[in-house]
Amino acid sequence: MDPTHFVHINTGSPEPIYRQLIEQVKRRVAAGQLKAGDEIPSVRELAQALAVHPMTISKAYSLLESDGVLERRRGLSMVVAAQHQKAQPTADRVELLRPTLEKAAAEARQLELPKTQTLQLFKTILDETQA
C-alpha cells in the first residue's frame, strides 16, 4: 500500500495526529476499503510520507492493535485484523460519523447559521469530494 495515500493528516487541526490516524484507519476498515489481511505501511514508511515522528505512528498503530483493528505479525508488516472481512453495516458506519456531525451542528448553531444553508453547505461539500 502506498503510504502517501494511506491517510491524510491536517496539521492545523486541534485533534492530535495520532488520533486523526486512528479515526481514518477505523473508518476505512468500517467502510470495507481495508479488509482482513491487508498490509498497512510500516511505521517508518508512514512517518516519512507524513513527515511526522515515528513514535506518533507507533502510538496510533499500538492503539489500533489494542482495539482489535490491526494485528501485529512478528518480523512482518502489520495487517488488518481477521475479524474485518467486509464492510460494517450502514447503521454502524452512521454511528461512526455521528460525533463529527454533532460537532459540526454545534458549530453551526453557535454561528447562528440557518439550517437550510448548513445542510446545503454539507451537500456541496459531499459533491465536491466525490468529483
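This is a predicted model: local features need pLDDT of at least 70, side-chain atom pairs count only at pLDDT 80 or more; totals for chains, interfaces and linings use all residues.
Local features require a pLDDT of at least 70 and side-chain atom pairs count only at pLDDT 80 or more, while totals for chains, interfaces and linings use all residues. Residues are numbered from 1 along each chain as its sequence is written, and side-chain values use heavy atoms, with hydrogens and water left out.

Two packed helices are described by the angle between their axes and the distance between the axes. Helices are DSSP runs (H or I, at least four residues) numbered from the N terminus. Axes are lines fitted to C-alpha atoms over the stretch in contact, and angles run from 0 to 180 degrees between N-to-C directions. Helix 1 (residues 17-30) packs against helix 3 (residues 54-66) at an angle of about 45°, and their axes are 9 Å apart. Helix 1 is therefore oblique to helix 3; angles under 35 degrees count as roughly parallel, over 145 as roughly antiparallel, 65 to 115 as roughly perpendicular, and the rest as oblique. The crossing of the two helices is right-handed, meaning that the near helix is turned clockwise from the far one by less than a right angle.

In this contact (heavy atoms within 4.5 Å), helix 1 contributes Ile17, Tyr18, Leu21, Ile22, Val25 and Lys26, which meet Thr56, Ile57, Lys59, Ala60, Tyr61, Leu63 and Leu64 of helix 3. These residues comprise 10 nonpolar, one polar and two charged. Here Ala, Val, Leu, Ile, Met, Phe, Trp, Tyr, Cys and Pro count as nonpolar, Asp, Glu, Lys and Arg as charged, and the others, Gly among them, as polar.

The structure holds six salt bridges, each defined by a side-chain nitrogen of Lys or Arg within 4 Å of a carboxyl oxygen of Asp or Glu. One of them joins Arg19 to Glu23, with the closest N and O atoms 2.8 Å apart. Both residues lie in helix 1, four residues apart, about one turn of the helix. Arg19 is partly exposed, at 28% relative accessible area, as is Glu23, at 23% (buried means under 20%, exposed over 50%, and partly exposed in between, with a 1.4 Å probe and protein chains only).

Another salt bridge links Glu65 with Arg72, the closest N and O atoms being 3.0 Å apart. Glu65 is partly exposed at 30%, and Arg72 is partly exposed at 48%. In helix 4 (residues 90-110), Glu107 and Lys103 are four residues apart, so about one helical turn separates them. Their salt bridge places the closest N and O atoms 3.4 Å apart. Glu107 is partly exposed at 38%, whereas Lys103 is exposed at 52%.
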